[in-house]
Amino acid sequence: MASVLVMTGCASSVKPMYVSPTQYQALNCAQLHAEYGRIAQYIQRGVSSPKTTGVGVGLGVGGIFGRGGGWGIGPSVSVNMGQSQRTQNSELSRVLGEQDAIAQAAQFKGCPIMAAIKK
């Protein structure tokens, strides 16, 4: 029970990432409202972090045991392929930033979109 209290005490709110509202200038009020609602539904359903794939190459120095019982130091190269996940918080931050940018574009155009208050 104490660990739950400690973990909730350390939790912080996710701040929106900056997204430029200029990318939404071409949309009319109905389109801005629909896009804002789509993002709100995505947040309510639970934001999932997208998986990305990548390749990594590492260079280093390692110890080597020889056949004759000796050892030595030699270079090592490793190549790794795998998937990494952006954190759920970074995805939520990006989506909240998009939602803020839509609200700013709507405000500039005089569209009646009420921005949700984020905690």
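## Helix 2: length and faces

At 1.5 Å a residue, the 17 residues of helix 2 should span 24 Å, and the end C-alpha atoms of helix 2 are 24 Å apart, which agrees. The expected span of a helix is 1.5 Å times one less than its number of residues. Helices (H or I, at least four residues) and strands (E, at least two) are DSSP runs, numbered from the N terminus.

Leu32, Tyr36 and Ile39 are the buried residues named in helix 2. They cover an arc of only 65° around the axis, which puts them on the same side of helix 2; the arc is that of the directions from the helix axis to the C-beta atoms. On the other side of helix 2, Ala30, Gln44 and Arg45 are exposed. Buried means under 20% relative accessible area, exposed over 50%, and partly exposed in between (1.4 Å probe, protein chains only).

## Basis and confidence of the model

This is a predicted model, in which local features need pLDDT of at least 70 and side-chain atom pairs count only at pLDDT 80 or more, while totals for chains, interfaces and linings use all residues. Residues are numbered from 1 along each chain as its sequence is written, and side-chain values use heavy atoms, with hydrogens and water left out.

The mean pLDDT of the chain is 73, and 53% of its residues reach 70 or more; pLDDT is the predictor's confidence in each residue, from 0 to 100. Where pLDDT is low, the predicted coordinates should not be read in detail.

## Overall organisation

The secondary structure of the chain comes to 3 helices and 2 strands, which follow the pattern α-α-β-β-α along the sequence. The chain has 119 residues, of which 19% count as buried. Of the contacts in the chain with a separation of 6 or more, 71% are between residues 24 or more positions apart; contact means heavy atoms within 4.5 Å.

## Ends of helix 2

At the start of helix 2, a side-chain oxygen of Asn28 reaches to within 3.1 Å of the backbone nitrogen of Ala30. Just after helix 2, Gly46 takes a positive phi of about 105°.

## Packing of helices 2 and 3

The buried residues of helix 2 pack against helix 3 (88-109), and what covers the buried residues of helix 3 includes helix 2. Ile39 lies in helix 2 and counts as buried at 2% relative accessibility. Leaving aside neighbours within four places in sequence, Ile39 is in contact with Val95, Glu98, Gln99 and Ile102. The C-alpha atoms of Ile39 and Leu96 are separated by 8.2 Å, although these residues are 57 residues apart along the chain.

The 22 residues of helix 3 should span 32 Å at 1.5 Å a residue, and the end C-alpha atoms of helix 3 are 32 Å apart, which agrees. Helix 3 is followed by Gly110, whose phi is positive, near 80°.

## Buried positions of helix 3

The buried residues of helix 3 include Val95, Leu96, Gly97 and Ile102. Ala101 is in helix 3 and counts as buried at 0% relative accessibility. Leaving aside neighbours within four places in sequence, Ala101 is in contact with Val19, Ser20, Pro21 and Tyr24. The C-alpha atoms of Ala101 and Gln23, 78 residues apart along the chain, are separated by 8.5 Å.

Glu91 also lies in helix 3 and, at 5% relative accessibility, counts as buried. The side chain of Glu91 makes a polar contact with the side chain of Arg94 at 2.6 Å. A polar contact is a pair of N or O atoms within 3.5 Å; within protein, one must be able to donate a hydrogen and the other to accept it, and residues adjacent in sequence count only if both atoms are side-chain atoms.

## The disulfide

A search of the whole structure finds 1 disulfide, a disulfide being a pair of cysteine sulfur atoms within 2.5 Å. Cys29 is joined to Cys111, with an S to S distance of 1.9 Å. The torsion about the S-S bond of Cys29 and Cys111 is about -75°, so the disulfide is left-handed. Cys29 lies in helix 2 and Cys111 in the segment after helix 3, so the pair ties together parts that are 82 residues apart in sequence. Cys29 counts as partly exposed at 33% relative accessibility, whereas Cys111 is buried, with a relative accessible area of 8%.
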